[in-house]
Amino acid sequence: MSAPASDVFSLGAVLAYAASGRRAFDAAHVSAVQYEVVHGTPDLSLVPPELQELIGPCLAKDPAFRPAPPQVVQAFAPPKGADRAWRKGPLAEDIKRRESSTKRLAAPEETAVPGGKSPCRRRFLTGAAVTVAVLGAGGGAGAWWLSRGEVKKSPTADVPPAVATPEAAFVSIIDTAYGEVPMPLWGPVDIASDETELPLPVRDVVVVQAKTGRLLALSVTKGKERWRAKEIDTAAGYVSVAGRLVVGVDGSGVAHAFVASTGKHVWQTQSDVDHLLAADDTHVFLVSKDNELRAVDAWTLATTWARPMTSPRSYLGPAKAAVGRKRLVIHGRDGCVAALSTETGETEWEVKEQGTDGQAPALGDNTAYLGGRTLTARRLDRGDYLWDEEAKNDGGPGSSTPAVDGDFVIAADGYHVYRYKTLLDIDFPASDWYEVLDGTGVGTVNPPAVAGTTVWVHAPDNTHVQVVHQKTHERLFVAKMKNEGAYQLASDANRVFIARGGRLYAMPVYGQQDEAADGGGAGRLSPRPCVSRRRVRGGRGHARRQPVLLAAELRGDLPGGRVGERDEAGALLQVRVRDASGAVDGRLNDDVVGRRLETAGEVQPSDARGGVRLQARGVGGHHLGVLRIQPGAF
């Protein structure tokens, strides 16, 4: 029983055809069939599910993951006492009747013995018993040969369960001076200086690009090196599978998997991988060097499906992707977004002209958020349009990669950062808050980070990271690193990992207990939501106003006038604030008297005294600060 693995592959092809009547690999001509055998996925769609578990492993691309012949024999062997199933009952009678009929058709008339005992009956029953054994053995999931006293054990058999994620303690906003930056949990640690992948927290480690360009895993609690993979080229991406594996690609295009917590090498693939897109708990989604998209089972290495990549290669860089709820959402550098079924690879929905700057999708519970020239929300499973918001900054990449915050989404857009929520049956977002960021620049596609009650956002000129309160957008502090380059942020387990110019820190965050101690706020501001002026689906005119939503009307010619100048009636230029109960009037403070206004933004909540805030920018787009509007009669 020492047949080569190629014979096992051939056996799998024969069994697939016998069980379904369809070839496992088929095409219009021989060369195309050969290509499918080498690169394609076997078609087992008509094979009964209980047999797919037995036949599929025989067709694994990597010979190391095919069962050995003794394991095949043992798996397909009739169970003990299987012959009893054929001795009595309707099935036995049917077999006997069919056997007699076949004998009469096959034998010469003068030698046919009706009802006679056929010499091939035992072989027939043995084959039927094998079928019963197949049906019984196929009831279990996974690689069936692993529990059969295997000759060669699957390399994933010893992968340990995911370790617990150690959570960091919160720091208290009450005990911290206003504007004071908390002490780092650890750092700095030297990592790669160029901007590649974001830090990847995986349970008890955070994975980054090492200073030498290789894969490096650090302890999330101490920042100490846990393991490194010198052969991995991190420019091809790295992903985590179920918090148990970390997968990367070496310089030869071979994908490697490592135990996330220890770095133990688990498996490797064939050498045609260009880059990794994403991973879920069972599959790694990768792109081959010939731009083929594949779903590779991370636990058996079988290719579940393969198809052409959804977007062409681009000199701008690889596509970005996210996976969730059985959907793989890919944002190509050609601006096209495609959502695929993770089970079949079929395209479920698409969005065109979304942006070409490299934003990655962000997935909520059943919502896909897409950055670019518009910030777009689509229903994840079906692709239904929910809302979109045009980018305010024409000179940059538009909305950054979004960050999901429960039922909200947060995205930077040049010198603004917004927190939106989706409202039922309304095709525009509810703007929970927005904040004007300090600094001048076009911004970045990198996502904000959300942890505890804090939101960490890159400044538009990448000089610092601005940290605001999650619910009130109160400015908490500014974090700066001396190195140059874009900030890269990631968060997990009450930590924010902040990298820039070859250095990495782990920072603490404020927690929910500060809100409870302060009566529901951050201690300084009391939030009220506002809403963009967008049309209601199927409605007439502007959006219906919700009872607690605010909108603003500007009185006076602000673009041509000066705040604080008196109009013809002798009054200061004014702002009228409306809510569902009627008009509440107010006037601008004198702290910006004499400064020209070009634009004014939405009204925002200010403080418990009933005032509101108006974000404003001057001629040329420079920031004038937040205008305080106090209530009062005209």
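User: How many bridges join S31 and strand S32 (residues 503-507), and in which sense do they pair?

Analyst: S31 and S32 pair in the antiparallel sense over 5 bridges. Strands of a sheet pair through backbone hydrogen bonds, either parallel or antiparallel. Two strands count as paired if DSSP finds at least two bridges between them; strands are DSSP runs of E with at least two residues, helices are runs of H or I with at least four, and both are numbered from the N terminus. The model is predicted, so local features need pLDDT of at least 70 and side-chain atom pairs pLDDT 80 or more, while totals for chains, interfaces and linings use all residues. Residues are numbered from 1 along each chain as its sequence is written, and side-chain values use heavy atoms, with hydrogens and water left out.

User: Which residue of S32 is the bridge partner of Val496, and what lies between the two strands?

Analyst: Val496 has Met507 as its bridge partner in S32. S31 and S32 form a hairpin with 2 residues between them, and Gly501 in that turn has a positive phi of about 55°.

User: What joins S31 to strand S30 (residues 488-492)?

Analyst: An antiparallel pairing of 5 bridges joins S30 to S31, with Leu489 opposite Ile498. These two strands also form a hairpin with 2 residues between them, where Ala493 in the turn has a positive phi of about 55°.

User: Is strand S31 (residues 495-500) mostly covered or uncovered?

Analyst: Buried means under 20% relative accessible area, exposed over 50%, and partly exposed in between (1.4 Å probe, protein chains only). By that reading S31 is mostly covered, with 6 of its 6 residues buried. Arg495, Phe497 and Ala499 point one way from the strand, whereas Val496, Ile498 and Arg500 point the other way.

User: Which residues touch the most other members in the largest nonpolar core?

Analyst: A nonpolar core is a set of buried Ala, Val, Leu, Ile, Met, Phe, Trp, Tyr and Cys residues joined through side-chain atoms within 4.5 Å. In the largest one, which has 23 residues, Val241, Leu245, Val247, Trp267, Leu276 and Val284 touch the most other members. Among the elements that give two or more residues to this core are strand S6 (238-241), strand S7 (245-249), strand S8 (255-259) and strand S9 (265-268). A second, separate core of 17 residues includes Ile173, Ile498, Met507 and Tyr510.

User: In what order do S6, S7, S8 and S9 stand in their sheet?

Analyst: The 4 strands form an open sheet in the order S6-S7-S8-S9, with antiparallel pairing. S6 and S9 stand at the edges, each with a single partner strand, so one side of each has no neighbour in the sheet. The twist averages 25° from one strand to the next, where axes are lines fitted to C-alpha atoms (for helices over the stretch in contact) and angles run from 0 to 180 degrees between N-to-C directions.

User: Where is His473, and is it buried or exposed?

Analyst: His473 lies in the loop between S28 and S29. At 1% relative accessibility, His473 counts as buried. His473 and Asp432 are 41 residues apart in sequence and 9.5 Å apart in space, C-alpha to C-alpha.
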